[in-house]
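Here is a short report on a structure with more than one point worth a look. Keep the sequence and the model in view while you read.

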Amino acid sequence: MSGADGAGCGCAGKGCAEKSPEEIGRRTFLTRAIVALGAVITAALSATGIGYFVSPAFQRRDEDWVDLGPAGTFKAGSPALVEFTQRKRDAWVTSERRSSAWVVTSDGKTFTAFDPRCTHLGCPYRWDAGTSRFVCPCHTAIFKPDGGIVSGPAPRPLDQYATKLEGGRLMIMPKAEQKA
Amino acid sequence: MRERATQAYAWVCERTGLDKIWTALMERKIPEAKGWTGLLFTLGSATMMIFTVQAVTGFLLATNYVPSPDHAYDSVRYIDSQVLFGRVVRGLHHWGATFMVVFAVLHMLRVYFMGSYKYPREATWMAGVGLLLLVLGFSFTGYLLPWDQKAYWATVVGTTIAGQTPVVGSMIADILRGSDAMGAPTLTRFYALHVLLLPALTAGLIGVHLFLVIWHGISAPPKRDAP
């Protein structure tokens, strides 16, 4: 085999066989026209395909606000564990999930919602009215009503959910915003 | 920079014979075809171009499609309404499917009417007929996947037609459906055929077909007074 003699290897394709680069012959012109057209078609198709494939990176996340009812039902100074059903849309699948959150208010106007799991190892903590503290039964982590750590093994304050008031109703987004 | 590119090309070329492959594929002699007749010789390439588009868009669709009766239709609707360029990609695959059949048949007609299937190109013709059957297989299996009314009843009709075969008909229909009636196993079966078996067979046969096309060279268009 004379495949490795490298004789034709200095030059890719027909284009370099042309003697003078200034003169554009019929063959060169057609080659360039075909390459240009092909590039346009390939670019259009690739852009579409690549856009389709990478679109999850740029998609706006669904904001899954959950309605917890009239804000007036929450009393200042006594945190309430609210149970709710969350409808989640996962592309072509819609699922329902039972979940809960602790809602705390000090003045009946501003609300804080906590993930009901202790930040230590995920146990469900409870409210102790006598000491006004959240107490985790598993490893005695203790939190203040604003989520701050009092004592125990918790690595960070309680995780919070985003809240907002809409027409007098309390809405929360049950996705933990970790507080460092 | 240019120097290095040339060196890199020479390195690859010396080890792979890229220049010879290029010459054999792209700079081979082809017969002269005057005027619009020349266009008839692009039909095979056009079909292959569509196959490439189908392969790419098919992969993209598969990233968001579920071949299961409870999610197939919803996932197709999700592609159409939620995914960026989803309608374009599905549209390309839909129309590509139609035109793949059209161009394959036109290509076959050109080969037939110009007598290009004759000695020594009979094997090329046979591979081509095999490819046409594979394309029809793609059409039949792909048509079911959207799992809408049209897809469902078309496949009921299609599998019932297969069931009319004497003696072994009901067995063939059961094998196609994966069950004694249309249902979940039909969809997974058609999907597996459509995305795994048929593409592999088609890619292989395209390889054979193209090798033979280049091996024999393109047949010249028939001339007046020539045998």
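B:Pro120 sits in the loop between α6 and α7 (122-144) of chain B. Helices here (H or I, at least four residues) and strands (E, at least two) are DSSP runs, numbered from the N terminus. A cis peptide bond, with omega of about 5°, joins B:Tyr119 and B:Pro120. Most peptide bonds are trans, and most residues other than glycine have a negative phi.

This is a predicted model, in which local features need pLDDT of at least 70 and side-chain atom pairs count only at pLDDT 80 or more, while totals for chains, interfaces and linings use all residues. Residues are numbered from 1 along each chain as its sequence is written, chains are lettered from A and ligands numbered from 1 in the order in which they are written, and side-chain values use heavy atoms, with hydrogens and water left out.

**Chain A**

Chain A has one helix and ten strands. From the N terminus on, its elements run α-β-β-β-β-β-β-β-β-β-β. Chain A has 180 residues, and 29% of them count as buried. Buried means under 20% relative accessible area, exposed over 50%, and partly exposed in between (1.4 Å probe, protein chains only).

Two loop residues of chain A stand out by their phi. A:Ala91 is not a glycine, yet has a positive phi of about 50°. A:Ala91 lies in the loop between β2 (80-90) and β3 (93-105). A:Ala91 is partly exposed, at 29% relative accessibility. A:Ser132 also has a positive phi, near 55°. Its place is the loop between β5 (126-128) and β6 (133-135) of chain A. With a relative accessible area of 30%, A:Ser132 is partly exposed.

**Salt bridges**

Side chains of opposite charge can pair when their charged atoms come close. A salt bridge is a side-chain nitrogen of Lys or Arg within 4 Å of a carboxyl oxygen of Asp or Glu. Over all chains, the structure holds ten salt bridges.

| A:Asp67 | A:Arg169 | 2.7 Å |

A:Asp67 is partly exposed, at 38%. A:Arg169 is partly exposed too, at 36%.

A:Asp115 is buried, at 2% relative accessibility. A:Asp159 is buried, with a relative accessible area of 6%.

Two packed helices are described by the angle between their axes and the distance between the axes. Helix α1 (residues 26-54) of chain A and α6(B) pack at about 125°, with axes 9 Å apart. That makes α1(A) oblique to α6(B). Axes are lines fitted to C-alpha atoms, for helices over the stretch in contact, and angles run from 0 to 180 degrees between N-to-C directions. Angles under 35 degrees count as roughly parallel, over 145 as roughly antiparallel, 65 to 115 as roughly perpendicular and the rest as oblique.

B:Tyr112 lies in helix α6 (residues 86-113) of chain B. B:Tyr112 is partly exposed, at 45%.
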